[in-house]
Amino acid sequence: MNVLVINCGSSSLKYQLINMEDESVLAKGLCERIGIEGSKLTHSPAGKDKLVIEQPMPDHQVAVKLVLDALVDEKAGVIKDIKEISAVGHRVLHGGKYYSDSIVVNEDVKKVIKDCFDLGPLHNPANLIGINACEAAMPGTPQVAVFDTAFHQTMPEKAYMYAIPHEYYEKYSIRRYGFHGTSHSFVSKKLLEISGLDANNSKVIVCHLGNGASVSAVVNGKCVDTSMGLTPLEGLIMGTRSGDLDPAIVEFIANKEGLTVSEMLNVLNKKSGVLGMSGGVSSDFRDLDKAALEGNELAKLALEAFVYRVAKYIGAYTAAMNGVDAIAFTAGLGENDKTTRKNIVSYLGYLGAKLDEERNNIRGEEALISADDSKVKLYVIPTNEELAIARETVALI
């Protein structure tokens, strides 16, 4: 069985075709600059030369057709016919309060995705366009929506409700939803599997650390809290997102700079985080590392603040769960940056967490990195959101 995994952004489309018999990736690729001048498809088939197509992609429907054509291309293709694709799994950002599980797409599902446009204005419209485009190109092929918020729907009310007038929850469904759910689900399950913990008696924390970053607390396989909120802006300091701050800052700066609320949110989403803290050095942690080593104090501060915030969330979630058995580091930074992991763990001595320097000297590998006498097990676990989406899709069809 072959499953096509689609992740549509506002001007992009990432995809993987996965053979679910052995979970091997047959092909993967990216459509860039959809609806913008300079559109390009980069298609990477397993065991074959890369295919690059530069041609206009006015919309996602054209992009989907180019992807399907590439998959059956005489030279770069990996299947003979589109009918060899059994189903399509779509990453959908926001399912609101309506969906706590993945679901086969029908008209009701599409309506919910549309109703959540206000909650996910950059992603949900593109996600729905991708679904409609695949339905048009592949009539009769099951489409599955895998919601980025679904894993976090097991949070109790005390964790997801905000201390604002309750009428706003009743009117507008304003609450903490959390994101990176597919990653947190995949990594927390893998963590239980490799650590030997009892799935029904376990307390683990997953640190998804990258340009977008979030932490989740998982008890007995179910999420009980997570750092992102109504939107992905809340929580950790990120590449360009501010994370937690005093909300009065929005009004204060808006009044001083003559900005609208929307313009201020743009500042908090796209110009803040480690990019803003470093004085504009970069949102890429590799660039910040280099600048800090060269003596840039603001770059050093941004890195220290990021580590500090992660450590604070780990402490908070340890308290929320009344203990922690294991902690996993994942995503671009968590998987590849041994220094960031070391600096975070340096705050966790009160937990009896000890890092093994030699074990920690890895990049992108699944591994135990804690010392033998560490009271909390520490792991690096590469995330695989595409495979998680594919598995959800197979389970449903």
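Two strands pair if DSSP finds at least two bridges between them; strands (E, at least two residues) are DSSP runs, numbered from the N terminus. The model is predicted, so that local features need pLDDT of at least 70 and side-chain atom pairs count only at pLDDT 80 or more, while totals for chains, interfaces and linings use all residues. Residues are numbered from 1 along each chain as its sequence is written, and side-chain values use heavy atoms, without hydrogens and water.

**Exercise 1.** Determine how strand S10 pairs with strand S11.

*Solution.* Step 1: S10 and S11 (residues 222-226) pair in the antiparallel sense over 4 bridges. Step 2: alanine 217 has aspartate 225 in S11 as its bridge partner. Step 3: the two strands form a hairpin with 2 residues between them, and asparagine 220 in the turn has a positive phi of about 50 degrees.

**Exercise 2.** Describe the pairing of strand S9 with S10.

*Solution.* Step 1: S9 (residues 203-208) pairs with S10 in the antiparallel sense over 6 bridges. Step 2: valine 204 has valine 218 in S10 as its bridge partner. Step 3: a hairpin through 5 residues joins S9 to S10.

**Exercise 3.** Explain why S10 is largely enclosed by the rest of the structure.

*Solution.* Step 1: buried means under 20% relative accessible area (1.4 Å probe, protein chains only). Step 2: S10 (residues 214-219) is largely enclosed because 5 of its 6 residues are buried.

**Exercise 4.** Find the charged end that sits over the ring of tyrosine 169.

*Solution.* Step 1: the criterion is NZ of Lys or CZ of Arg within 6 Å of the ring centre and within 35 degrees of the ring normal. Step 2: the charged end of lysine 97 sits over this ring, 5.5 Å from its centre.

Note on methods:
Buried means under 20% relative accessible area, exposed over 50%, partly exposed in between (1.4 Å probe, protein chains only).
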